[in-house]
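Student: I'm new to this one and would like a close look at a single part. Could you walk me through it?

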Amino acid sequence: MFRPKLPTMPQPTGIITPLTVVEPTSITPGTPAPPPAQTARASTRPTIQVTPGTVLALVGGGTAVVLVVGAVLVSMLMAVAITGVSVALVAVILRLLVNDIHKGR
């Protein structure tokens with residue numbers, strides 16, 4: 001019951017071709033071919049032209065991204081800080097109430 005069942009290896013199906021013997025061939029040395037001449041290939045990628053307008057757009061876009069990310073991070077930090085302060089105040093108030101109950105006031 002607790003022993004795993006191992007699957008049996010499936011047998012190959014279909015047409016099985018017999019192994020063929022490859023006969024070695026002799027290699028005759030010949031004259032070496034001259035190396036191909038180096039030619040400069042034309043680039044298929046378009047060239048990017050940077051104009052002052054695109055530079056200003058990139059700088060403006062980058063600045064906007066940094067400001068938005070910074071605002072989100074600061075707001076998250078403020079939320080954590082406010083939550084921590086409120087939890088600390090509740091803990092102090094509960095402690096004072098528990099102490100007053102134990103003193104019998």
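Student: How many helices and strands does the protein chain have?

Tutor: The protein chain has one helix and zero strands, where helices (H or I, at least four residues) and strands (E, at least two) are DSSP runs numbered from the N terminus. Its radius of gyration is 40 Å, well over the 13 Å that the globule rule gives for 105 residues, so the chain is more spread out than a compact globule. That radius is taken over C-alpha atoms, and the rule is 2.2 Å times the number of residues to the power 0.38. Keep in mind that this is a predicted model, where local features need pLDDT of at least 70, side-chain atom pairs count only at pLDDT 80 or more, and totals for chains, interfaces and linings use all residues. Residues are numbered from 1 along each chain as its sequence is written, and side-chain values use heavy atoms, leaving out hydrogens and water.

Now for helix 1 itself. It covers residues 52–103, and its end C-alpha atoms sit 76 Å apart, which agrees with the 76 Å that its 52 residues should span at 1.5 Å a residue; the expected span is 1.5 Å times one less than the number of residues.

Let's pick two residues on the way. Leu-73 is in helix 1 and is exposed, with a relative accessible area of 52%. Val-87 is also placed in helix 1, and Val-87 is exposed at 51%. Here buried means under 20% relative accessible area, exposed over 50%, and partly exposed in between (1.4 Å probe, protein chains only). Across the protein chain, 0% of the 105 residues count as buried. Finally, Val-87 and Pro-4 are 83 residues apart in sequence and 54 Å apart in space, C-alpha to C-alpha.
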